Amino acid sequence: MRFLVSKSSVAYIVSAATLLVAVWLGVSIGTVKIPIQTFWDGTDTKASNILWKIRMPRVVLAGLVGASLAISGAAFQGLLKNPLADPYTLGVSSGASVGAVMTLFFGLSLPILGTYTLPTFSMIGAALTMFLVLGFARLVDRAMKMETIILTGIIFGSFLGSVLSLMIALTGEELRQIISWLLGSVSMRGWQYTMMILPFVFVGSLLLWLNRRELNAMLFGEERAHHLGVNVKRRKFMILIGGSILTGSAVAVSGTIGFVGLVVPHMTRLMWGADHRHLLTLSFMNGASLLIICDLVARTIISPSELPVGVITAFIGAPVFAYIFYRQRRKGAM
């Protein structure tokens with residue numbers, strides 16, 4: 001038991017240190033180098049403005065998006081008992097993408113919302129998709145088994161993907177903007193987008209964290225969890241809602257960024273174990289670190305131009321996805 005406690009303590013220390021290093025690298029490296037004293041010394045106005053008005057909001061937003069995708073990925077993988085599951089399994093990201101692309105396609109800008117029109121419609125699309133998936137799954141199977149929910153998510157995700165393709169095919173001048181958004185980016189968002197996603201990150205993460213013990217119980221199967229006193233149906237619904245809130249809000253402010261919710265929980269589980277009491281928090285921190293570093297690479301690798309951060313995560317995630325798939329198949333064959 002002492003070893004387990006020691007191991008979890010080391011895991012938290014390593015993850016926290018990695019996150020601090022990632023934040024420091026994210027705010028200091030760029031076209032203009034930001035010295036560490038800029039944090040407490042504002043005499044260099046130019047460096048101070050770059051730090052607090054450009055770099056820091058971008059790094060914080062990247063961290064929140066990465067953390068949201070990673071913790072929801074850890075929860076979905078535990079709930080579905082499948083390491084290949086991620087926040088996009090239920091089609092929620094496709095719904096959020098359709099909401100955002102419709103805003104760009106029709107040039108919508110509501111007077112009350114202003115610049116918040118796009119993320120608002122994106123969140124509405126995510127919420128509608130989530131309720132449609134859960135509603136249809138319940139209609140097909142009253143018990144709402146995981147297989148039914150996965151298949152329903154695939155059906156809705158495929159349909160919404162065709163809707164996205166149709167809008168891209170019909171678009172004109174907005175094509176570049178739509179493609180750029182779909183590739184994912186946290187560039188030029190500012191503090192307002194950080195403040196927008198923050199309450200959703202808090203609520204969604206809290207919902208998942210409150211169900212950390214129930215996720216451990218459900219690893220042994222829904223029937224066993226029920227015998228252990230877990231209200232499986234209610235807890236399952238809470239986890240799905242929490243993960244969907246996190247995924248929808250992340251897609252709303254940054255576009256589609258793939259593989260973070262797949263890679264981070266899987267690697268964290270391999271390194272530190274599958275106990276969700278620690279896995280959720282560790283995935284949250286490591287997801288933030290990964291996306292901050294990926295965004296740093298995206299904006300510096302071909303400086304002064306920038307790559308969409310979704311391209312970088314795909315370069316990392318695709319080989320890892322292939323490795324996980326190969327490992328699972330080999331394990332199943334044995």
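Is Gly66 buried or exposed? Gly66 is buried, with a relative accessible area of 0%; buried means under 20% relative accessible area, exposed over 50%, and partly exposed in between, with a 1.4 Å probe and protein chains only. This is a predicted model, in which local features need pLDDT of at least 70 and side-chain atom pairs count only at pLDDT 80 or more, while totals for chains, interfaces and linings use all residues. Residues are numbered from 1 along each chain as its sequence is written, and side-chain values use heavy atoms, with hydrogens and water left out.

**Helix α2**

- Gly66 is part of helix α2; helices are DSSP runs of H or I with at least four residues, strands are runs of E with at least two, and both are numbered from the N terminus.
- The C-alpha atoms of Gly66 and Gly261 are separated by 8.0 Å, although the two residues are 195 apart along the chain.
- Helix α2 covers residues 45-80, and its 36 residues should span 52 Å at 1.5 Å a residue; the expected span is 1.5 Å times one less than the number of residues.
- Of the 36 residues in α2, 29 are buried, so the helix is mostly covered.
- Most residues other than glycine have a negative phi.

- Helix α3 covers residues 92-106, and its 15 residues should span 21 Å; the end C-alpha atoms are 21 Å apart, which agrees.
- α3 is mostly covered, with 12 of its 15 residues buried; among them are Val92, Gly95, Val98, Gly99 and Leu104.
- Ile112 sits in the loop between α3 and α4 (117-140), and Ile112 is exposed, at a relative accessible area of 83%.
- Ile112 and Val251 are 139 residues apart in sequence, and their C-alpha atoms are 22 Å apart in space.

**Annotated spans**

- An unreviewed UniProt entry gives the annotation "transmembrane region" to several spans, including residues 56-76, 88-110 and 116-137; its positions are given in the numbering used here, feature names are shortened, and annotations may be inferred rather than shown by experiment.
- Residues 88-110 are 65% helix and 0% strand, and the end C-alpha atoms of this span lie 28 Å apart.
- Residues 116-137 are 95% helix and 0% strand, with end C-alpha atoms 32 Å apart.

**The cavity**

- A search of the whole structure finds 1 cavity of 30 Å³ or more; on a 1 Å grid over the protein atoms alone, a cavity is a set of points where a 1.4 Å probe fits but cannot get out, and lining residues have an atom within 4 Å of a point.
- The largest cavity has a volume of about 30 Å³, where volume is the space filled by probe spheres set on the points.
- Its lining consists of Phe259, Val260, Val263, Leu290, Thr313, Ile316 and Gly317.
- Both α11 (260-272) and α13 (309-333) give two or more residues to this lining, and α13 gives the most, with 3 residues.
- The lining has 5 nonpolar residues, 2 polar and no charged; Ala, Val, Leu, Ile, Met, Phe, Trp, Tyr, Cys and Pro count as nonpolar, Asp, Glu, Lys and Arg as charged, and the others, Gly among them, as polar.
- Phe259 lies in the loop between α10 (232-254) and α11, counts as partly exposed at 25% relative accessibility, and has a positive phi near 75°.

Notes. 1 Å grid on protein atoms, 1.4 Å probe; cavity = no way out; pocket = protein on both sides within 12 Å on 5 of 7 lines; lining within 4 Å.
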